[in-house]
Amino acid sequence: MLRVAVYGASGYTGLELLKLLARHPHAQVTAVTTRQEDTPTLEQVHPQLTGLFDLWLEQLTADEVAQRADVAFTCLPHAASAEVVKELVDRGLRVIDLSADYRLTDRAIYEHWYGVTHPDPERLTTTPYGLPELFREEIRGAKLVANPGCYPTAAILGLAPLLRAGLIETSGIVIDAKSGVSGAGRNPKQHLHFPECNENLSPYGVGTHRHMPEIDQVLSRVAGGRSGAVEVVFTPHLVPMDRGEMCTSYALPAADVTTESLNAALHAAYDNEPFISVVQTPPGTKDVAHSNRCHVYTRLVRGRVIVVSVIDNLIKGASGAAIQNFNLMHGLDETIALR
Ligand SMILES: NC(=O)C1=CN([C@@H]2O[C@H](COP(=O)(O)OP(=O)(O)OC[C@H]3O[C@@H](n4cnc5c(N)ncnc54)[C@H](OP(=O)(O)O)[C@@H]3O)[C@@H](O)[C@H]2O)C=CC1
Ligand SMILES: CC(=O)N[C@@H](CCC(=O)OP(=O)(O)O)C(=O)O
């Protein structure tokens, strides 16, 4: 049995993670942390967890956590997360970081897009990017894994097999993305207030969203330097629904591509993957809601390749992927607690 600590347990990814951990046969949650002075029970913070854990949220030092846990999930905002992660890794814990802190391998790019000094830059080049469908072997046995962002997960899963197969050009990729409001976390903000976001559809972070360099980095690696680095145009939209995420991506075909050859490349990549399905009718976010699944759909239309991918932002886009990485890091069946 692995003893598990969850940092930032009061948030949305913390909640989803705890629901999955509650049914994990090899995990026992022994610590849940908060910055707050009072110590509510998990049930008070998340009534959905009633009866599942006998735990209080606590302010704990890294030394205290190291005595109680073998593994930690850090469900914290970026920058705050790396401050904690470095202390835990130094004390021998394995860590799955749900924040963006270890995803970008270049410190200068991180500091440019996030506007903060990286608290633990030495680990940036050695931390695997936790997308098992692309980097499974690097994740196996790793001490620290960078869980991907939700939008990058959906976008990359749609585009990577087509890039790798040489079916799309590296330049000219456009990603039109949509997310439910839980993607922004539980902390209230004005644009997430019900009268502001209900019955409204709005783009944000146009040209400035920090997931753009993350997608570029991973797709450039997948393309293997073919025609230089990938630079996508990525525009996210906030959709008035609780959860779910869709990326509709457009790319230029690189060769004599057909809808059949596009589908063949996706099938070759995903037919043995437990959580990815290539579908033949346009997918919707409800098809994968509350699951660790991603559905991918592709067509060639008027000389453009279209790829649609859907995930649940809180599961395959965050906590489900974190459990998948936890399983891989510990040599367990990757699908435990996720089927
Ligand atoms: N929501 C999503 O769909 C996804 C989120 N992520 C990433 O996962 C991480 C967690 O996200 P999410 O659960 O949505 O966020 P939430 O805002 O819902 O929860 C984060 C928790 O972290 C704690 N916290 C907040 N600020 C700080 C701080 N400065 N220092 C330490 N602790 C803090 C808070 O707990 P307390 O007040 O009790 O201390 C809070 O409840 C973030 O990095 C996010 O970007 C990644 C993929 C998808
Ligand atoms: C709707 C909404 O606001 N979504 C978030 C995505 C959260 C996420 O996955 O971001 P991390 O990179 O921090 O993990 C955003 O656009 O910032």
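A residue is buried if 20 or more other C-beta atoms lie within 10 Å of its own, exposed if 12 or fewer, and partly exposed in between, with C-beta atoms placed from the backbone. The exercises concern a predicted model, in which local features need pLDDT of at least 70 and side-chain atom pairs count only at pLDDT 80 or more, while totals for chains, interfaces and linings use all residues. Residues are numbered from 1 along each chain as its sequence is written, and chains are lettered from A and ligands numbered from 1 in the order in which they are written.

**Exercise 1. Determine whether E214 is buried or exposed, and identify its contacts.**

Step 1. E214 is placed in helix α9, residues 211-223; helices (H or I, at least four residues) and strands (E, at least two) are DSSP runs, numbered from the N terminus.

Step 2. E214 has 26 C-beta neighbours inside 10 Å, and therefore counts as buried.

Step 3. Two residues are in contact if their C-beta atoms, placed from the backbone, lie within 7 Å. Beyond its neighbours within four places in sequence, E214 has R103, L104, G149 and P152 as contacts.

Step 4. The C-alpha atoms of E214 and I156 lie 9.7 Å apart, although 58 residues separate the two in sequence.

**Exercise 2. Carry out the analysis for L42.**

Step 1. Helix α2, residues 42-45, contains L42.

Step 2. L42 counts as buried because 24 C-beta neighbours lie inside 10 Å.

Step 3. With neighbours within four places in sequence set aside, the contacts of L42 are A9, L18, V32, L49, F53, L55 and L57. For A9, the separation from L42 is 33 residues in sequence and 8.2 Å in space, C-alpha to C-alpha.

**Exercise 3. Describe the domains and the contact between them.**

Step 1. The assignment gives domain 1 (2-127) and domain 2 (151-313); such bounds come from an automatic or database domain assignment.

Step 2. Their C-alpha centres are 27 Å apart. Domain 1 supplies nine residues to the contact and domain 2 supplies seven residues.

Step 3. On the side of domain 1 that touches domain 2, helix α5 (residues 107-114) gives the most, with three residues. That side comprises six nonpolar, two polar and one charged residues. Here Ala, Val, Leu, Ile, Met, Phe, Trp, Tyr, Cys and Pro count as nonpolar, Asp, Glu, Lys and Arg as charged, and the others, Gly among them, as polar.

**Exercise 4. Characterise the shell around ligand 1.**

Step 1. Ligand 1 is surrounded by 27 residues, of which G8, G11, S99, G185 and R186 are the closest; a residue is near a molecule if its C-beta atom, placed from the backbone, lies within 6 Å of it.

Step 2. Two or more residues come from each of α1 (12-21) and α11 (315-329), and α1 gives the most, with three residues.

Step 3. By class, the shell has nine nonpolar, 16 polar and two charged residues. Domain 1 and domain 2 each contribute at least three residues to this shell.

**Exercise 5. Summarise the overall fold.**

Step 1. The protein has 11 helices and 13 strands.

Step 2. Its radius of gyration is 19 Å, close to the 20 Å that the globule rule gives for 339 residues, so the protein is as compact as a globular protein of that length. The radius is taken over C-alpha atoms, and the rule is 2.2 Å times the number of residues to the power 0.38.

Step 3. Of the 339 residues, 47% count as buried.
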